[in-house]
Amino acid sequence: MELVVTYQISITRLFFKKENTMYTIYGYDTFNVLKIVATAEELGIDYEYVVVDLSKRENHEDEHKGRHPMGKVPALDHDGNYVFESATICRYLSNTNGNKLYSDDALQAAHINQMMDTMSNHLGRWMGAYFWQEVVNKKYFDKGPDAAVIEEAKGWLDKQFPLIESALGKATYLCGEELSIADIFAYCYFTIHEDTSISLDDYPSIQRWYKLISDRPAIQKAKEVIAV
Ligand SMILES: N[C@@H](CCC(=O)N[C@@H](CS)C(=O)NCC(=O)O)C(=O)O
């Protein structure tokens, strides 16, 4: 009898698992949100996208702070459970979809994580500084970039871009011959160069990879989804 019940529950789960899984991504047109929507598109996940208008400060309303206590985007709702921080969300989407774009192997997972952490803590930080100084300052505060901040960011990026150039000179993608969430995550920071004075002229392997990722249908779709 117990066996029959267990069997029935398993069959029920098999048929209803997908319907019970609902992802909602809360975001705006920013590179941090692109990481999540692009990952969802690459994974082929069904999701709903809800705009939280940063220009109207909707992110600071209580409703959004229930999703993200710091009032930021992106935030993810998965069947009523909230997850925030873009790297965590990318991993979570992969983890809940058979680890596709991530890895079951601890060492390969560490390689993917180290690249994502390197981007968040180092290159992404300095490319983000360009974004603030040259895009956000102009668009929202009607002022120009602070030359000292740009000079510091350029100094660091001149040291750090060669690390990425070297990795991409040895393999097709950042962590080997397969696309991973590290590529999507890093790519979204690199999009900043299109709107700022960051130059990739000295880095042919980064340019090759950037075009490869840009041309992916999932990336193009994700950009359309978040465009406001
Ligand atoms: N470390 C966070 C950064 C999130 C973040 O700074 N999001 C920005 C948009 S790209 C935001 O929500 N800014 C609005 C604000 O801070 O008021 C992540 O990776 O998710």
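Biologist: Where does Leu-101 lie?

Modeller: Leu-101 is in the loop between H4 and H5. Helices (DSSP runs of H or I, at least four residues) and strands (runs of E, at least two) are numbered from the N terminus. Keep in mind that this is a predicted model, in which local features need pLDDT of at least 70 and side-chain atom pairs count only at pLDDT 80 or more, while totals for chains, interfaces and linings use all residues. Residues are numbered from 1 along each chain as its sequence is written, and side-chain values use heavy atoms, leaving out hydrogens and water.

Biologist: Why is Leu-101 called buried?

Modeller: Buried means under 20% relative accessible area, exposed is over 50%, and partly exposed is in between (1.4 Å probe, protein chains only). Leu-101 has 12%, so it counts as buried. It also has a positive phi, near 70°, without being a glycine.

Biologist: Is Glu-85 buried, partly exposed or exposed?

Modeller: Its relative accessibility is 45%, so Glu-85 is partly exposed.

Biologist: Which backbone oxygen does the side chain of Thr-39 reach?

Modeller: That of Lys-35, at 2.7 Å. A polar contact is a pair of N or O atoms within 3.5 Å; within protein, one must be able to donate a hydrogen and the other to accept it, and residues adjacent in sequence count only if both atoms are side-chain atoms.

Biologist: What about Thr-196: what makes it buried?

Modeller: Its relative accessibility is 13%, so Thr-196 counts as buried. Thr-196 is in the loop between helix H7 (181-190) and helix H8 (204-214). A polar atom of the Thr-196 side chain is 3.0 Å from the backbone oxygen of Ile-192. With neighbours up to four places away in sequence set aside, Thr-196 is in contact with Tyr-130, Phe-131, Glu-134 and Val-135.

Biologist: How much space lies in the largest pocket?

Modeller: About 1400 Å³. On a 1 Å grid over the protein atoms alone, a pocket is an open set of points where a 1.4 Å probe fits, with protein on both sides within 12 Å along at least five of seven lines, and lining residues have an atom within 4 Å of a point. Its volume is the space filled by probe spheres set on the points, with points joined across faces, edges and corners.

Biologist: Which helix gives the most to the lining of the largest pocket?

Modeller: H5 does, with 11 residues. The lining has 42 residues, and Phe-131 is one of those nearest the pocket's centre. The lining divides into 20 nonpolar, 12 polar and 10 charged residues. Here Ala, Val, Leu, Ile, Met, Phe, Trp, Tyr, Cys and Pro are nonpolar, Asp, Glu, Lys and Arg charged, and the others, Gly among them, polar.

Biologist: From which domains does the lining of the largest pocket draw at least three residues each?

Modeller: From domain 1 (2-95) and domain 2 (106-216), with bounds from an automatic or database domain assignment. The C-alpha centres of the two domains are 25 Å apart, and 14 residues of domain 1 are in contact with 13 residues of domain 2.

Definitions and conventions. Contact means heavy atoms within 4.5 Å.
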